[in-house]
Amino acid sequence: MSGTVSTIIIVIILVVVLFFAIKNSIPHFKGQGGCCGGSGKEKLIKPEKIENVNATKLIHIKGMMCENCNRRVQNALNSLEGVNAKVNGEKAQALVKMEKELEDDVLEKTVTDLGYSVTSIEKI
């Protein structure tokens, strides 16, 4: 009887471990969240030099898990005209300097299109 109980406990533990492994892998397979695309081969786009900073915003981002995630978000923001962005993955935020203030919706869409969530945007 004790051999059967031991086997059942081991099977239950394996099922729980497998459940969490699959659950945490689903965003990766959808191209969202951590390591969402790669091996870090994406090159960092050099941000524009801005002569006159007319607006600065701090975007709080959820879902960036690695340097590749940081690079993807920074490249996307820096691809917007008149934007100089720096992403800090440890703080889960992006500091965005702009020549001409962009609407929060534009900045949020740029980030969410990559599969991350914007928790807040504050004007500095």
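Which helix is Thr112 found in? Helix α3, residues 104–112. Here are my notes on the rest.

1. **Ground rules.** This is a predicted model, where local features need pLDDT of at least 70, side-chain atom pairs count only at pLDDT 80 or more, and totals for chains, interfaces and linings use all residues. Numbering starts from 1 along each chain as its sequence is written, and side-chain values use heavy atoms, with hydrogens and water left out.

2. **Overall layout.** The protein chain has three helices and four strands, in the order α-β-α-β-β-α-β along the sequence. Helices here are DSSP runs of H or I with at least four residues, strands are runs of E with at least two, and both are numbered from the N terminus. Contact means heavy atoms within 4.5 Å. Of the contacts between residues at least 6 apart in sequence, 74% join residues at least 24 apart.

3. **Surface and burial.** The chain's accessible surface is about 8,400 Å², and carbon and sulfur atoms own 57% of that. Areas come from the Shrake-Rupley method with a 1.4 Å probe, and for residues only the protein chains shown count as cover. Of the 124 residues, 32% count as buried. Buried means under 20% relative accessible area, exposed means over 50%, and partly exposed is in between (1.4 Å probe, protein chains only).

4. **The core.** The largest nonpolar core has 22 residues, and those with the most contacts inside it are Ile59, Ile61, Val73, Leu77, Val96, Leu107 and Tyr116. Two or more residues come from each of β1 (55–62), α2 (67–78), β2, β3 (93–98) and α3. Helix α2 gives the most, with four residues. For the record, such a core is a set of buried Ala, Val, Leu, Ile, Met, Phe, Trp, Tyr and Cys residues joined through side-chain atoms within 4.5 Å. In soluble globular proteins, nonpolar side chains tend to be buried together. Take Ile61: leaving aside neighbours within four places in sequence, Ile61 is in contact with Val73, Ala92, Gln93, Ala94, Val111, Tyr116, Ser117 and Thr119.

5. Where does nonpolar surface form a patch? Ile8, Ile12, Val16, Phe19 and Phe20 make one of about 480 Å². Patch members have over 30% relative accessible area and no salt bridge; like charges are joined within 9 Å, nonpolar side chains (Val, Leu, Ile, Met, Phe, Trp, Tyr) within 5 Å. A salt bridge is a side-chain nitrogen of Lys or Arg within 4 Å of a carboxyl oxygen of Asp or Glu. Ile12 sits in helix α1 (residues 2–29) and counts as partly exposed because its relative accessible area is 48%.

6. Setting aside residues within four places in sequence, Thr110 is in contact with Ala76, Leu77 and Leu80.

7. **Arg72.** Is Arg72 buried or exposed? Buried, because its relative accessibility is 16%. Arg72 is found in helix α2, and its side chain reaches the backbone oxygen of Leu114 at 3.5 Å.

8. Thr56, in strand β1, is buried at 16%. Its C-alpha is 5.6 Å from that of Val96, 40 residues apart in sequence. Asn84, in strand β2 (residues 83–88), is 5.8 Å from Val96 by the C-alpha atoms, and 12 residues apart in sequence. Beyond four places in sequence, Thr56 is in contact with residues including Leu95, Val96 and Lys97, and Asn84 touches several, among them Pro47, Glu48 and Val96.

9. **Val118.** Strand β4 (residues 117–123) holds Val118, which is buried at 16%. Not counting residues up to four places away in sequence, Val118 touches Ile59, His60, Glu108, Val111 and Thr112.

Key
Polar contact = N/O pair within 3.5 Å; in protein donor to acceptor, adjacent residues only side chain to side chain.
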